[in-house]
Amino acid sequence: MSWWGYSLIALLFSPGYSLGSKWALNLRINRTKLLAYIFSGLFLGYLVYNLKDINSLLEKMHDPLFYIWGLVAAIFSLSGNIFHIKGFAKSPNPGYVQAVTITNAVLVLFASAIIFKSPIDWTKFLGIIVSLLGLYLLLVSRSRIGKNDWQFSAIMAMVLYGAMFLVVKQMSNLEFKPEQILLVLLFFASLGFLGMCFVQRIGLKISEAPKIVFIP
């Protein structure tokens with residue numbers, strides 16, 4: 001399948017994450033606990049998925065770069081998701097936050113041209129202009145964006161996700177498979193969110209959260 005085919009599939013699933021997160025937050029679950037649940041569940045899922053090619057995974061686990069780049073990607077992912085969830089919690093519509101964060105494509109496009117020598121033709125540049133115009137229309141509602149506004153959280157998530165995608169691209173260039181990249185990223189990110197719950201004394205017992213929260 002071509003890259004745009006995978007992109008379209010990801011596009012179909014992406015709204016589910018936004019709507020599910022907003023639904024869970026409306027159930028008054030702690031944001032850090034929610035992220036700990038999500039990332040721990042994803043890690044276990046990709047751990048099982050990697051069993052189909054366990055020999056390749058074991059081989060990559062002997063490479064120090066697997067852990068170094070995985071940790072860097074996890075830091076950007078963890079930070080980006082914190083701001084992303086904060087934006088969902090504060091925004092009147094999660095679609096606003098999602099629309100801002102996906103404009104990280106502009107940052108990735110320019111950075112990739114510099115770092116990876118990826119080409120940009122005039123049609124792509126036109127797409128950048130349209131994206132920036134859309135971003136302006138989303139953020140123009142207030143002349144000043146404060147740290148407690150959803151716009152600020154969405155912009156921070158956009159920048160951090162962009163940095164994460166560049167690291168993931170670098171790992172791909174080093175011939176790490178997508179499922180392996182996600183596994184090490186989610187491993188470190190899960191530890192980060194579980195550690196935050198411990199430091200903030202946030203209980204992880206199921207009884208401390210509405211049972212229906214596991215649906216979203």
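This is a predicted model: local features need pLDDT of at least 70, side-chain atom pairs count only at pLDDT 80 or more; totals for chains, interfaces and linings use all residues.

Tutor: Numbering starts from 1 along each chain as its sequence is written, and side-chain values use heavy atoms, with hydrogens and water left out.

Student: How many helices and strands does the protein have?
Tutor: Helices (H or I, at least four residues) and strands (E, at least two) are DSSP runs, numbered from the N terminus. Here you get nine helices and zero strands.

Student: What does the radius of gyration say?
Tutor: You take it over C-alpha atoms, and the globule rule is 2.2 Å times the number of residues to the power 0.38. For 216 residues a compact globule would come out near 17 Å, and the protein's 18 Å agrees with that. The C-alpha trace spans about 45 × 40 × 30 Å along its principal axes.

Student: And how much of the protein is buried?
Tutor: Buried means under 20% relative accessible area, exposed over 50%, partly exposed in between (1.4 Å probe, protein chains only). Of the 216 residues, 36% are buried.

Student: Where does leucine 204 lie, and what is it in contact with?
Tutor: Leucine 204 sits in the segment after helix H9 (178-199). Its relative accessible area is 35%, so leucine 204 is partly exposed. Contact means heavy atoms within 4.5 Å. Setting aside neighbours within four places in sequence, leucine 204 touches Lys33, Ala36, Tyr37, Leu194 and Cys197.
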